[in-house]
There are 2 protein chains.
Amino acid sequence: MGNNNTTQSVTRRDFLYRAAAVGGTGLLLNAMNAWGMGIASTMAGPPVLSGSGKGKSVVILGAGLAGLTAAYEMEKLGYKVQVLEARSFAGGRCQTARNGFELTELGGDPQRCTFDKGHYINHGPWRIPLHHQSTLHYTRQFEIPLEVMVNDNDHSFVYLENGGPLSKQRLRPAQIKADMRGHVAELLAKSVQDHTLDRQLTADDQRSLLDYLKHEGQLEAGDLSYKGRTGRGFAVNPGAGMNPGPGTLSDPLGFHDLLASGVGKVYSAVQDFPMQNTMFQPVGGMDMIPKAFEKRVGRHIKYRAEVQSIRHGENNVTVTYKDTATGKAGTVTADYCLCTLPLSTLRMVDTDFSDKLKTAIKSVAYAPVGKIGLQMKRRFWEEDDHIYGGHVLTDLKGINTISLPSSNWQKKKGVVLGYYNYQLNAIEVSGLTPAERAEFAIAAGEKIFPAYRESFESAFSVAWHRVQYNLGGWAEWNDKNRQDAYPVLLEGEGRVLLAGEHLSYLTGWQAGAIESAWQQMARIHERAMA
Amino acid sequence: MGNNNTTQSVTRRDFLYRAAAVGGTGLLLNAMNAWGMGIASTMAGPPVLSGSGKGKSVVILGAGLAGLTAAYEMEKLGYKVQVLEARSFAGGRCQTARNGFELTELGGDPQRCTFDKGHYINHGPWRIPLHHQSTLHYTRQFEIPLEVMVNDNDHSFVYLENGGPLSKQRLRPAQIKADMRGHVAELLAKSVQDHTLDRQLTADDQRSLLDYLKHEGQLEAGDLSYKGRTGRGFAVNPGAGMNPGPGTLSDPLGFHDLLASGVGKVYSAVQDFPMQNTMFQPVGGMDMIPKAFEKRVGRHIKYRAEVQSIRHGENNVTVTYKDTATGKAGTVTADYCLCTLPLSTLRMVDTDFSDKLKTAIKSVAYAPVGKIGLQMKRRFWEEDDHIYGGHVLTDLKGINTISLPSSNWQKKKGVVLGYYNYQLNAIEVSGLTPAERAEFAIAAGEKIFPAYRESFESAFSVAWHRVQYNLGGWAEWNDKNRQDAYPVLLEGEGRVLLAGEHLSYLTGWQAGAIESAWQQMARIHERAMA
């Protein structure tokens, strides 16, 4: 795996051989550990396959990330590749709304994005985690410029309507983390001092723990109390001269208030995998990725081709489609078919799949997901509140998060993600017209940012469960389905294999689509070589 | 303060008036809190001064950030401005070494930077914290493009030579934070369960605390034990299909090992102020800031003008200088003098200052500081280890941190900061030749990164205490000096005032220089208007 890494792989391997020669297996394991090779097994590149697909053909259904990946890699392997895509552009859910972008949801009003030039919202995938080496494989190979997407910002806000004694306050994550952990460190440090932990820990460990807690919570040297710290922010920031000079420290939030509010649970010791820094976004919009693929395999894509039926036999697969531009029907016959349509869409296609496969397809639910981009004529979050990117977390109904853009720093305007909602919230909000959704988002946002309403210029929203050809944000698996349906779907049938984020444990991520495509194309190739 | 914020100030103020009218002062305070106005008083713009400096002149010594700021703002106020700068370029310590940049330390070998085009090292200031609104005021006003400087990376490494049972391992901050906090949460959660905290906390608070600890430490629902979490990283990352499928969780580091290693103390609950996200750097190098000033006030700067003497009287100040290009002496007479020379340099200038002021100037020590940039022909930290920016923290002698670049993501080459050392370490390393320093840095770095040595191409290093016109990284204050010397220095003498990072509590930061300049130019203006 990882054909792009030949040089360093050899280097590493060489060292390991040398290490083994010198010190035996013990040292080998030691070296592996020291270099973190024990940890981290990441699908970092397409499978290295032997043999050629020359003379064989594959029809790929859908030009989302899975379809594009398969088309690109299978063509390199020698296959004759044809892609059928219902939309007039590639990318699937990976879309970027910028000026002129159009979307009409099923049964909805047409929307046309009117953001200013240079501004956009990634209303599909919007983040590339560092762990998603598969996605990063292509951004590197295609030289797609990346920039940091601020996914973690201790200087943003938490705003709870129902936060007990801390309700309706704009709290900074830094305050919450500092104070919560400070108070907890104090409590435990005093337990150590009171010898309550003599049973659990040796004297040495208790001494080390006390050292750690003093540092972790910045406790007072004398009485081990937590009295605040610079990391939570100052009441008056330090500066020049005598005034402000050293500045004025701020007072911590009380332990009882923090506990009663539940706000400590908004953050945890570390970001969950895969939400950790460093997070990326392509400069200019996430659709730079499908555009880069399109440049390489676009000539094989038939756009506006809505798949109608799939028939497969001993020797080939036949797919019929409707050209939605002309209304005419078309047919493609190929040796193999890789179907990357979302299951939510595939279930409506006329196929000769077995009942078992059809049942599996139908059993997977798709997530209702909504997003809205709000162009603001002034970056009040930067100018007034010194928040540069990241998320405002809130319990405001139907909002979940307000996210601030990680591009166009300090410029005049910016597009804010006004909500990112799921499930029932997403369904409820999706019943509104585009204009009503904007009003809904603004009415919530102005509770947190006073300049929200007056700064608003235009909106673009999506409810993925109402988007034709998707009918949901991503596949939603439960344990039962993972056990029953997942293996059936992975297996496919005869000359038809399925691929997409839905056939991964990275659901909703581009990496899931890419890595699924890598696996399933390898299986097609295996069958073709057999 | 903050003349750039007129619109939103009015808006806020309006709301506050309305709030006060409706609900009296109580509501007013409430609203102020909700919007965080109680917190955060940041010097966000130059002082708004009335009156004109027309007909008055000021000679500014030094074209670093303080001198440039004063020149720019005082010219706008109407003053005739002249700047004397010893170097052939503006910026002072704010320098960026890119191809062709030259530096010869006192008594040292000449260095000429040979990095590839597009690569550089900010060997002076390299970070702009979000809290430094003064610096951000000018990047915004001058439209200097910014990008995120990754200052916090949970996926980087900690590497301790002397870390007890965890010595010589490449640990990820995410592992340490997750495990340390997990174990601590478990310990405290069990204390709650054992009723050891009944005296300290009410039953309600204990319930809330338990909730919090379960979340903070991701404890097992049943026995409240910490068994690891996704945030610490997987043994095998999740992916597509059945293999890797859901991936394999990794085992936590043992509590005793963590305690005995002391590694938990490398990180704390929150980043210290001002190290928090979002951190910025100008695209292309920190010297974009002085270059932007230079464009506006460069015509008033006399370069290669080494200040020789300062004489001040009732009516004016006279400064003599040596033109180091021609060897000729020159004289400038002005109504006022703002001297921004580092105290380390000023102490050697012939002045007629009082003994009190001279003593104060001499009493302040300057920090020995060293940095080295290493151009690597391959971004092995990204390709092999998936580290994108941030710092590798280590106890390797004389290294302190190895920092990975936050620009040129996924490109071929990159410039790594090989060490950032202070005090005795900086003095020791600075005794080496440039080539020896590079070897020193590589010998350390290859203990952590196996590809370090083979990837190395060229180096550029600086030891600020050996740099002419600086003789140190920044002013180092102690409590006694802050009490005795600081007020004397702030006061200046007659028509001479001092400014620079040394006259702030933001020592070593550009914001200290800028805000000091704002304060001291206001005092000159006050005297001029009197």
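Reply: Chain A has 15 helices and 24 strands, where helices (H or I, at least four residues) and strands (E, at least two) are DSSP runs numbered from the N terminus. This is a predicted model, in which local features need pLDDT of at least 70 and side-chain atom pairs count only at pLDDT 80 or more, while totals for chains, interfaces and linings use all residues. Residues are numbered from 1 along each chain as its sequence is written, and chains are lettered from A and ligands numbered from 1 in the order in which they are written.

The C-alpha atoms of chain A fill a box of roughly 80 × 70 × 45 Å along the principal axes. An automatic or database domain assignment divides chain A into domain 1 (3-34), domain 2 (57-91 + 288-364 + 477-529), domain 3 (102-156 + 276-286 + 367-466) and domain 4 (173-265). The centres of domain 3 and domain 4 of chain A, taken over C-alpha atoms, are 35 Å apart.

Of the 530 residues in chain A, 54% are buried (20 or more other C-beta atoms within 10 Å of the residue's own, with C-beta atoms placed from the backbone; exposed means 12 or fewer, partly exposed in between).

Now the core itself. A nonpolar core is a set of buried Ala, Val, Leu, Ile, Met, Phe, Trp, Tyr and Cys residues joined through C-beta atoms within 7 Å. The largest one holds 146 residues, and A:Leu188, A:Leu374, B:Leu188 and B:Leu374 touch the most other members. Helix α4 (residues 173-193) of chain B gives the most to this core, with eight residues. Neighbours within four places in sequence aside, B:Leu188 is in contact with A:Val184, A:Leu187, A:Leu188 and B:Leu213; contact means C-beta atoms, placed from the backbone, within 7 Å. Another core, of 72 residues, lies apart from the largest one and includes A:Phe293, A:Ile301, A:Ile361 and A:Ala528.

As for the sheets, two strands pair if DSSP finds at least two bridges between them. In chain A, five strands form an open sheet with parallel pairing, in the order β11-β2-β1-β15-β24. Its edge strands, β11 (301-302) and β24 (496-498), each pair on one side only. Strand β15 (residues 336-339) of chain A runs parallel to β24(A) and is joined to it by three bridges, and A:Cys339 stands opposite A:Leu498 in β24(A). In chain B, an open sheet of four strands with mixed pairing has the order β14-β13-β12-β16. Each of β14 (329-334) and β16 (350-351) of chain B has a single partner strand, so one side of each is left without a neighbour in the sheet.

Terms used: Contact = placed C-beta atoms within 7 Å.
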